[in-house]
Amino acid sequence: MSTITFFHNPMSRGQIARWALEEVGAEYEVVPVAWDAKPQALIDVNPMGKIPTIVHHAADGDRTVTEGAAICHYLAEIHPEAGLLPTDREKADYFRWLFFAAGPVEQAVTGKAMGFAPTSEQEGMAGFGNFDRTVDTLEWWLDSHDYVCGDRFTMADVYVGSAVDWGLMFGTLPERPSFTAYATRLRARRAYRRGKELDGMAGGAA
Ligand SMILES: N[C@@H](CCC(=O)N[C@@H](CS)C(=O)NCC(=O)O)C(=O)O
């Protein structure tokens with residue numbers, strides 16, 4: 001049995017986990033998930049039935065991880081040799097932007113794509129404030145940082161970078177020079193390209 005079981009559908013956020021798995025050189029087995037016939041083994045470990053979901057077959061038992069951002073960080077933790085964990089100095093930036101992408105960016109982009117926007121009275125309660133505030137804040141950071149933690153690629157870039165990459169590809173994020181430059185740097189990575197090839201997405205469509 002492989003060390004990791006990866007429940008996956010290439011037309012999904014599963015691509016984020018695929019890229020992370022390739023970055024750390026994990027040994028994993030893919031269980032394909034059709035939306036209209038989800039395997040019971042997926043539902044048993046994740047009643048949400050969502051992708052990505054991984055099960056790590058550790059020496060002391062199985063460990064399930066869901067949520068793309070958590071999977072990225074977990075993989076960096078169990079593969080420290082890949083060098084994608086933050087140093088002490090980098091931790092603040094790493095966790096700040098990893099959670100910013102999983103929270104405000106995800107909410108802002110999903111809301112906009114589905115036609116929801118908070119009124120000005122609701123903005124204080126909405127974690128992302130509004131779409132423009134969230135996007136401008138991400139741009140503010142990437143204007144002066146090549147990667148989330150500065151000049152070095154870390155696992156946070158797989159998740160934050162996927163948000164930017166997908167946003168530009170689907171037009172759910174506006175074109176900004178720092179977004180385009182960041183996505184270009186990430187798309188040149190060997191593990192990114194390998195993941196897209198394995199998912200049959202090497203042409204760029206997600
Ligand atoms: N909060 C999850 C979201 C995962 C998610 O929504 N995945 C979608 C595909 S992109 C899914 O599995 N949809 C199938 C369904 O909801 O039945 C994460 O961050 O990983």
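**Notebook: ligand site and pockets**

I began with the ligand and found one of its oxygen atoms 2.9 Å from a polar backbone atom of Gly-68, a polar contact being a pair of N or O atoms within 3.5 Å. Taken alone the ligand exposes 510 Å², of which the protein buries 74% (Shrake-Rupley method, 1.4 Å probe). The model is predicted, so I note its limits: local features need pLDDT of at least 70, side-chain atom pairs count only at pLDDT 80 or more, and totals for chains, interfaces and linings use all residues. Residues are numbered from 1 along each chain as its sequence is written, and side-chain values use heavy atoms, with hydrogens and water left out.

Next I turned to the pockets, which are open sets of points on a 1 Å grid over the protein atoms alone, where a 1.4 Å probe fits, with protein on both sides within 12 Å along at least five of seven lines; lining residues have an atom within 4 Å of a point. The second largest pocket has a volume of about 290 Å³, the space filled by probe spheres set on the points, which are joined across faces, edges and corners. Of its 13 lining residues, the closest to its centre are Arg-13, Lys-50, Glu-67, Gly-68 and Glu-106.

Notes:
A polar contact is a pair of N or O atoms within 3.5 Å; within protein, one must be able to donate a hydrogen and the other to accept it, and residues adjacent in sequence count only if both atoms are side-chain atoms.
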